[in-house]
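Thanks for coming. I will talk through one structure, helices to begin with and then the ligand.

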Amino acid sequence: MKLKFCSRIAGVMFLTFSLNAQSADLFSYSAPDGKSGLRLAWRVDASSDWQPLGENFNFVSSDFGPWGSHKTMFSPQLFINAADSLWTCVWSATSDGSVTALTTSPDLFSWTPQRYFANKLDLPRDMRPATSITADSVLIGGKMMKGFRQTVDNATIDRIKKFVADRGKRGALFSQHAKDDPTRFANLSDVSFTATANPSEAKQISDKLIGIFFEDINYGADGGLYGELLQNRDFEYTPSDRHGDQNWNSTHSWSATGDGSFSIATDSPIHPNNPHYGVINGAVTLTNAGYDGISVKKGEKYRVSLAIRSVKPMRLSVTLTTPEGAVIGNAAIKTKGGDSWTIYKTLIKATRSVSGAKLNVNFPKGSDASVDMVSLFPINTFKGRENGLRQDLAQTLADLKPRFVRFPGGCVAHGNGIDNIYDWKGSIGSLESRKPLRNLWNYHQTRGLGYHEYFLFCEDIGAEPLPVLAAGVPCQNSGIPGHHSHEPLTTLGQQCGIPMDEMDTYVQDVLDLIEYANGDVTTTWGAKRAEAGHPEPFNLKYLGIGNEDLISEVFVPRFKMIYDSVRAHYPEITVVGTVGPFYEGSDYDAGWKLAEELNIPMVDEHYYVDPAWMIHNQDYYDNYRRNGTKVYLGEYAAHLPGRPNNMETALAEALYLTSVERNADVVEMTSYAPLLAKRGNTQWRPDLIYFTNDSVMPTTDYQVQKMYGNNSGTRYIPAPLKVNSSDKNVTNRIGMSIVLDEGSSEYIVKLVNLLPVEVKGNVDLSPLGITAKEMTGEMLAGKPTDTDTTPQPVKVTFPQVSLPPYSFTLVRIPANK
Ligand code: AHR
C-alpha cells in the first residue's frame with residue numbers, strides 16, 4: 001500500500017493542541033428522507049446563520065443494506081467518544097430505527113469500517129452519543145433540518161473547510177472530460193517532449209500483467225460464453241431468481257402445443273439438485289425459444305441431448321424450425337420404456353442459417369413421459385469441446401492473450417446472502433447433478449459452465465486460473481439474511497457471514513478446490529477431476545479469497561481461518577486477498593492493514609473511475625511498498641457519464657496502463673471489468689465486449705487490452721518524459737512506457753497522447769543499442785467520441801516521433817536492430 005502519513009495520529013494531535021482555541025458551533029444532520037450521508041454545518045455563534053460545510057458533501061455514507069436507495073442514514077450523531085477520543089458517528093440505518101450504525105474517525109475524513117447493532121444498547125458503552133451534543137432543528141440553506149449541535153474550536157472548522165475545498169478541487173479535476181478539451185486547450189500548440197531510455201535502471205516486471213476477469217453478469221455465461229443454445233433447459237427457473245417475478249418459472253422459454261398436456265413435476269427427479277422437470281401426456285410439441293431465439297448456421301451440426309423417462313417406448317422427433325415454423329433440421333430418437341431416466345443424444349444439421357430459430361421436441365400420440373435437461377449445443381465450440389464455449393466469443397477472449405482468467409466473479413462469487421455464495425462443488429460433475437443457482441444479477445445460473453470448464457478454458461488459452469472464493473461472507477450489499485433464524489436483524493442486508501460453527505466445513509471446501517485442481521488421481525477430489533476427463537492436474541497457482549468485501553468484524557475472522565488453513569496446507573498457493581471496492585476509504589485502509597499484518601501475498605484492488613482520475617493519478621502506485629504485498633488490479637474501467645465505451649475511455653486506460661507497466665514490479669496482474677455483455681440483457685456498462693446471438697462487438701477498450709495483452713514485456717526500461725510544459729493538464733495527458741519482452745528479445749514502446757493536438761517527441765533509444773530509424777507499429781487514433789476505432793498499421797520513426805491527437809501508438813523493435 002501507499003506509504004502515507006498517519007492521519008489518525010494527525011487527528012489526535014490536532015485535538016490535543018487546539019483545546020484552548022476559539023470556538024464555533026458544528027451541526028450534524030442528514031437528509032430528512034435518509035438519502036444522504038453525514039452532512040455538517042457550522043456557525044460562528046448563536047447570533048449567526050448556519051452555513052453548510054460543502055455543497056451536499058457527505059462526510060460518511062451509510063453502507064448498510066442493498067445497493068442504492070436502500071442505504072440510508074437517519075439522525076446521525078457526531079461526537080468525540082470516551083474510549084479513544086476519536087470522532088464517532090452513530091446513526092439509524094433504517095427508518096424504523098431497528099439498526100444502529102457506528103463508525104469512528106481521527107479526522108472526520110477517513111473512517112473505520114462500519115459496525116451495526118440491532119439494539120442501541122449494544123453499542124459499546126464508551127461509544128454512546130455524548131451528552132455534549134444537543135438535539136436541535138436549525139435552518140440551513142432555507143431548509144429546516146433536525147440534527148445535533150456541539151461546540152468545537154475554530155481550527156476544526158478551518159480544517160473541515162480546507163478538506164471540503166480540496167475535495168471540491170479534486171472532484172473538478174477528476175471530472176474533466178474531453179468534450180471540454182477545445183476550451184481547456186484552446187491555445188495549446190507545439191507540445192513536445194524528450195525521453196532517453198535508461199537501461200541501467202531497468203527492472204524485472206510481472207509477466208502476467210494483462211488478464212481477464214470473467215463473471216456471469218450481462219448474460220456473460222448462460223446465453224453468452226457457455227455454448228448452450230436453449231434457455232431454461234433444466235426447468236429450474238424460479239421466481240426467486242428474480243425478485244418474485246412469476247413469469248420467471250419452470251416453464252419460462254418453453255411452450256407446448258398439440259393434443260395433450262405439459263406440466264411441471266418434482267417427484268423422483270433425475271437428480272435431487274435438479275428437482276423440476278416437464279411432464280408430457282399425449283401428442284405434444286414442446287418448443288424452446290432459446291435466448292432471444294436460437295442462431296444456427298447452414299451446414300453446421302448441433303448436438304441434441306435430453307433426459308426422458310417414458311412409461312412406454314416411443315419415437316420422438318426433434319426439429320429445428322425458423323420463426324415462421326419451416327423445418328430446417330430434424331433428428332429422431334427412440335426411447336425405451338420404464339421408470340428410470342435415460343439421457344438420449346443425437347445430432348441435427350441446420351439446412352439454413354437462421355437467427356431466432358426454435359427447437360421442438362415432438363412427442364407422439366399416447367406419450368406419457370417426463371423430460372429434463374434438454375440441450376442444443378453447436379459441435380463447433382471453442383477447441384471442439386463438448387459442453388464447451390461459444391467459438392467466436394471464446395476466440396475473441398483468446399485473442400487478448402490473457403495471462404490469467406479470474407472467475408466466477410465479482411459479486412457472483414460471494415453472492416447475495418450466504419445461501420447464494422458460489423459453492424464450487426455445486427458447479428462440477430454431470431450436468432444434471434449440478435446445483436443451479438440464482439444469479440444476483442437477476443437471472444439464473446445453470447452452472448453448465450462451472451469450475452471444471454473454467455479450468456479447461458484457462459488451459460486451452462494458456463492462462464493461469466485465478467478462482468475467487470467467498471471469504472465466508474456474502475456481498476456487502478446483500479439484501480438477503482443468513483440461513484439461521486436466530487441471526488440478529490443486523491445481518492439483514494449485510495455481511496451476515498457463514499455461522500462460525502459451519503466455517504470448518506467451508507474451509508475444507510476451499511482446500512478441496514485446491515485438491516480438485518492439483519491433487520493426484522488417488523486423492524478424493526483429484527479423482528473427481530479425472531472422472532470429469534482430466535487426470536492431469538490443472539496446476540492452480542493463485543486463489544482469490546473474498547471480493548471487495550467490507551473488512552468488518554464478520555469478515556476478518558473468517559478470512560483468517562481460510563487464509564491460515566490454505567497457507568498451512570498449500571504454502572505454494574498465492575492467496576489473493578481483498579481491499580474493498582474503491583481506491584481509498586475504510587475498506588481499502590483496513591484491507592491493506594490486514595494484508596500487511598498477515599503478510600498476504602497479493603490483494604485485489606477495484607476501481608471504476610472517471611477517465612480524468614486515470615489521467616491525474618498515474619503516480620498512484622509509484623509510492624507503494626516494493627517488497628510487500630503485491631497488487632492485482634482485478635476490476636477497473638474508465639467510466640464517463642452515460643457509461644459509453646469510446647476513444648476517451650480507451651485512451652485513458654491505455655495511458656494509465658503505461659503507469660501500471662512502470663509499476664508492474666508491484667502490480668502483478670490487471671483485468672478490465674466487466675468482460676462480456678449481451679445486447680438487450682446488460683445490467684452493467686461499460687463492458688469490454690458486447691455480443692448478440694450472431695455477432696461479437698469488441699469495444700475500443702478491448703482494442704487497448706488486446707494491444708497490451710499481445711505486447712507485454714518482462715523488464716521495464718525507464719525513460720522519463722520531459723515535456724515542454726509545466727501544466728499538469730498537459731503533461732499528465734502524455735504517457736510512454738518501454739518494456740523488453742525477454743522471450744522474443746524485442747523492446748516494445750507504447751506512446752499515448754490524450755491531447756487534442758499533435759505531440760512531437762524525441763525518444764532516444766540509443767542506450768538500448770537500437771539504431772533503427774523507421775519501424776512499423778500499430779496505432780489507435782480517433783476522436784474521443786469514436787466508438788469503433790481499430791488499430792491501424794503505422795510507420796514510426798525514431799528518435800523523432802509524432803503522436804497524433806488522441807492516439808495510442810505501439811511499436812515492437814528487435815533488440816539488435
Ligand atoms: O464488475 C461488476 C461488479 O463490480 C462485480 O461483480 C463486483 O465485484 C463489482 O462491484
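At what angle do helix α8 and helix α10 pack, and how far apart are their axes? Before I answer, this is a predicted model, where local features need pLDDT of at least 70, side-chain atom pairs count only at pLDDT 80 or more, and totals for chains, interfaces and linings use all residues. Residues are numbered from 1 along each chain as its sequence is written, and side-chain values use heavy atoms, with hydrogens and water left out.

Helix α8, residues 503-518, packs on helix α10, residues 555-569, at about 40 degrees, and the axes are 10 Å apart. Helices here are DSSP runs (H or I, at least four residues), numbered from the N terminus. Axes are lines fitted to C-alpha atoms over the stretch in contact, and angles run from 0 to 180 degrees between N-to-C directions. So α8 is oblique to α10; under 35 degrees counts as roughly parallel, over 145 as roughly antiparallel, 65 to 115 as roughly perpendicular and the rest as oblique.

For helix α13 (residues 647-662) and helix α14 (residues 700-709), the angle is about 25 degrees and the axes are 8 Å apart. That makes α13 roughly parallel to α14.

Now the ligand. Residues around the ligand include Phe 213, Trp 441, Tyr 608 and Trp 684, where near means a heavy atom within 4 Å. A polar side-chain atom of Glu 548 is 2.6 Å from a ligand oxygen, and one of Asn 547 is 3.0 Å from a ligand oxygen. A polar contact here is a pair of N or O atoms within 3.5 Å.

Definitions and conventions. A polar contact is a pair of N or O atoms within 3.5 Å; within protein, one must be able to donate a hydrogen and the other to accept it, and residues adjacent in sequence count only if both atoms are side-chain atoms. Helices (H or I, at least four residues) and strands (E, at least two) are DSSP runs, numbered from the N terminus.
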